[in-house]
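Please open the structure in your viewer and keep the selection tool at hand.

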Amino acid sequence: MNKPATSRWAQQFPQLGTDPVPVEALLSEDYFRREKEKLFKRTWLKLARVEELPTPGSWKLKPLPIWDTSIILVRGEDGAIRGFHNTCSHRGNRVIWAQDGHGRDRRFFCHFHGWTYNLNGELVHVPQEDEFFDSFCKADNGLAPVAVDVWEGFIFAHLDPHPAQGLAEYLGEAAARLSGFPYGEMTAVYAYRTVLDCNWKIAQDAFSEAYHVTTIHAGSFPEGFSARLYDVQLFGPHRTSAVYMDDKGPTPSPVAALAHRLGTTSIAKRGERVALPPKVNPTRSPNFAFELSVLFPNFLVHIMDGLYFTHQFHPLSVDKTLWEGIQYFRPPQNAGERFSQEYGQVLQRNAWLEDTATMEATHAALKSGAKKVMHLQDQEVLLRHHYQVVDEYVRG
């Protein structure tokens, strides 16, 4: 079989250690408060894709409880994408009253007293402006900005409008490894989201290792994924690895075989992977399944030929997480491709349901206090790296 040789990740990354991992980081209210202030409010977070803001005036409202705010993303007349707090400069009311949503406007109008802002966030109209005092200056009271930048069509924001580290520097080698994939061509979207009663790291853990695939996914992915990770790379706070199919998996069912023949839109399809960045599956093994990449702190990007999918885990509290799972495909060109795409996305959806089914039970069991640590094996190296990096931010 043409795939990379295995290695002992503990030997390759001795700085991660092999000790059990304390569960305090999953249960402690104090730890969560420090995560909020020292981690999430100081890092770049992915909020949207550029396709969601197609024309000048297009906007998207993104609630971010971990930032204690909601963010208006808007494409200006100049084509640039900007971000602002959804907070009026008058008495702090919301400018956009929806909890979540999108639209297209030339102005943002506060419904409380009529203060009006343009697409650049500038305050352009104040009713009865002459009644205000000399200390008030319209030019100084635009919408409060956040930093916004774009990588490969993904829109990221930073709470600090002038962060010390730009997005390109923050993503570093992880972005270089994943750049060049045709993300922008895959505009057929299937999105799922739900609130889970668990810590955000428990949710993220389930999508950061392959140790579980032969048990919990035995029914949804009978084609046979390997339970090992390959080509693990650590890039500062970020991490990536490859997931492969087993050498000899079961024969695909007739429906699966038909879907594989009609399109490249199934995670379980074997074959040559050609539309990948050079450093992803460099041997072009036909058993390559997907690249599992984690952009710290909470955004996962999985790429393969024909599709990609993402996960994001938005902390709501120490024991509640908003999970968003999105699959991206090229728009189908015929009925056969549409069938293949539908088969692939349903297969993936069912696997995600199996993953999410474990998360709330894990958090509930840990709350008993019966176990103080988690024992991670060598193939759970991405989890070990994650807990170490989070702890460095929290205790930094």
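## A guided tour

Begin with Thr116, which counts as buried because its relative accessibility is 10%, under the 20% cut-off for that term. Please keep in mind throughout that the model is predicted.

**Stop 1: Thr116 and its surroundings**

Thr116 belongs to strand β8, which covers residues 116-117. Display the residues around Thr116: leaving aside those up to four places away in sequence, it touches Arg107, Phe108, Phe109, Glu122, Leu123, Val124 and His125. Next, show the backbone of Gly114, whose oxygen lies 3.0 Å from the side chain of Thr116. Finally, select Ala256, 140 residues from Thr116 along the chain; the C-alpha atoms of the two are separated by 55 Å.

**Stop 2: the sheet**

Now select the strands of the open sheet. In what order do its seven strands lie? The order is β2-β11-β10-β5-β4-β3-β6, and the pairing is antiparallel. At the edges are β2 (45-49) and β6 (101-104), each of which pairs on one side only. From one strand to the next, the twist averages 30°.

Helix α4 lies across β10 (145-151) and β11 (154-158), and it runs at about 20° to β10.

**Stop 3: strand β4**

Select residues 69-75, which form strand β4. Why is this strand described as largely enclosed by the rest of the structure? Seven of its seven residues are buried, so the description applies. The burial concerns both faces: Thr69, Ile71, Leu73 and Arg75 are buried on one side, and Ser70, Ile72 and Val74 on the other.

**Stop 4**

Turn to strand β5, residues 81-85, which runs antiparallel to β4 and is joined to it by five bridges. Across this pairing, Ile72 stands opposite Phe84 of β5. The hairpin of β4 and β5 has five residues between the strands, and Gly79 there takes a positive phi near 90°.

Leu64 has Thr69 of β4 as its bridge partner. In the hairpin of β3 and β4, four residues separate the strands, and Asp68 takes a positive phi near 60°.

Strand β3 covers residues 58-64 and is also joined to β6, by four bridges, in an antiparallel arrangement. Here Lys60 stands opposite His102 of β6.

**Stop 5: Lys36**

Keep Asp68 displayed and select Lys36. The side chains of Lys36 and Asp68 make a polar contact at 2.7 Å. Is Lys36 buried or exposed? With a relative accessibility of 18%, Lys36 counts as buried. Apart from residues up to four places away in sequence, Lys36 touches Lys41, Pro65, Ile66 and Asp68.

**Stop 6: two helices**

Helix α3 (residues 29-38) and helix α9 (residues 381-395) pack at an angle of about 80°, and their axes are 8 Å apart. To view the contact, select Tyr31, Arg34, Glu35 and Lys38 of α3, together with Val390, Asp391, Tyr393, Val394 and Arg395 of α9. Four of these contact residues are nonpolar, none is polar and five are charged.

Conventions. Residues are numbered from 1 along each chain as its sequence is written. This is a predicted model: local features need pLDDT of at least 70, side-chain atom pairs count only at pLDDT 80 or more; totals for chains, interfaces and linings use all residues. Side-chain values use heavy atoms; hydrogens and water are left out. Axes are lines fitted to C-alpha atoms, for helices over the stretch in contact, and angles run from 0 to 180 degrees between N-to-C directions. Contact means heavy atoms within 4.5 Å. Ala, Val, Leu, Ile, Met, Phe, Trp, Tyr, Cys and Pro count as nonpolar, Asp, Glu, Lys and Arg as charged, and the others, Gly among them, as polar. Buried means under 20% relative accessible area, exposed over 50%, partly exposed in between (1.4 Å probe, protein chains only). A polar contact is a pair of N or O atoms within 3.5 Å; within protein, one must be able to donate a hydrogen and the other to accept it, and residues adjacent in sequence count only if both atoms are side-chain atoms. Two strands pair if DSSP finds at least two bridges between them.
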